[in-house]
Amino acid sequence: MQSPGAIEISRRDLLAASAATVTVVSAHSLSHAQTKATTESQSTKVTFKMNGESRELRLDNRTSLLDALREHLHLTGTKKGCDHGQCGACTVLIDGRRANACLTLAVMHEGDSITTLEGLGQPENLHPMQAAFVKHDGFQCGYCTPGQICSSVAMLEEIRANIPSHVTRDLTAPAEITSDEIRERMSGNICRCGAYSNIVEAITEVAGRKA
């Protein structure tokens, strides 16, 4: 039979254990609340027009546009190649101008209009540049092709806007669509399969000129 002293000690131990449990639960709840608050403070709600459709996301401020496209909007046509802006596989159009999606943060594009390969055309209604790439076999493995096509579309607009390149000979004359101009302006898009000549042919056809 337990002595009264032993019973009193047991009660004290029980009360102490209960208090410790409450403290741990409270600390856990506080930690969870702090984590949630920190996460919300490090994220931003961003709205942009994606392939003609308004989209809204809450993203970690560090999320690249490329990851927002692929992981959050599931637009996997845009490819992740080097993730360092060196291969051009992730090229998209932002307000009509080409950009490497891996080098820009999604939260920087509030209100912008973004076009990916999916927004240029669909299998039953191809964009002229997509159709030309198919016709001239401007791809082999196809991994770089989305970036090549987006870059090609924007590049022709740059020439039409008379924006010079490194190989433009006469800065006082309208920019011309030549093979040299196309190759120079597309040099940021790498094709590891080596389909460059076919790519130039496809772009030239869309431009309405012969290489």
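Biologist: Which residues of helix 4 meet residues in helix 7?

Modeller: Pro-128, Met-129, Ala-132, Phe-133 and Lys-135 in helix 4 meet Ile-199, Ala-202, Ile-203, Glu-205 and Val-206 in helix 7. Contact means heavy atoms within 4.5 Å. Please keep in mind that this is a predicted model, where local features need pLDDT of at least 70, side-chain atom pairs count only at pLDDT 80 or more, and totals for chains, interfaces and linings use all residues. Residues are numbered from 1 along each chain as its sequence is written, and side-chain values use heavy atoms, leaving out hydrogens and water.

Biologist: Why is helix 4 called oblique to helix 7?

Modeller: The two pack at an angle of about 140°, on a scale from 0 to 180 degrees between N-to-C directions of axes fitted to C-alpha atoms, for helices over the stretch in contact. Under 35 degrees is roughly parallel, over 145 roughly antiparallel, 65 to 115 roughly perpendicular and the rest oblique. So helix 4 is oblique to helix 7.

Biologist: How do you know that strands 1 and 2 pair?

Modeller: Pairing takes at least two DSSP bridges, and strand 1 and strand 2 have eight, in the antiparallel sense. Here Thr-44 stands opposite Leu-59 in strand 2.

Note on methods: Helix = DSSP H or I, 4+ residues; strand = E, 2+ residues; numbered from the N terminus.
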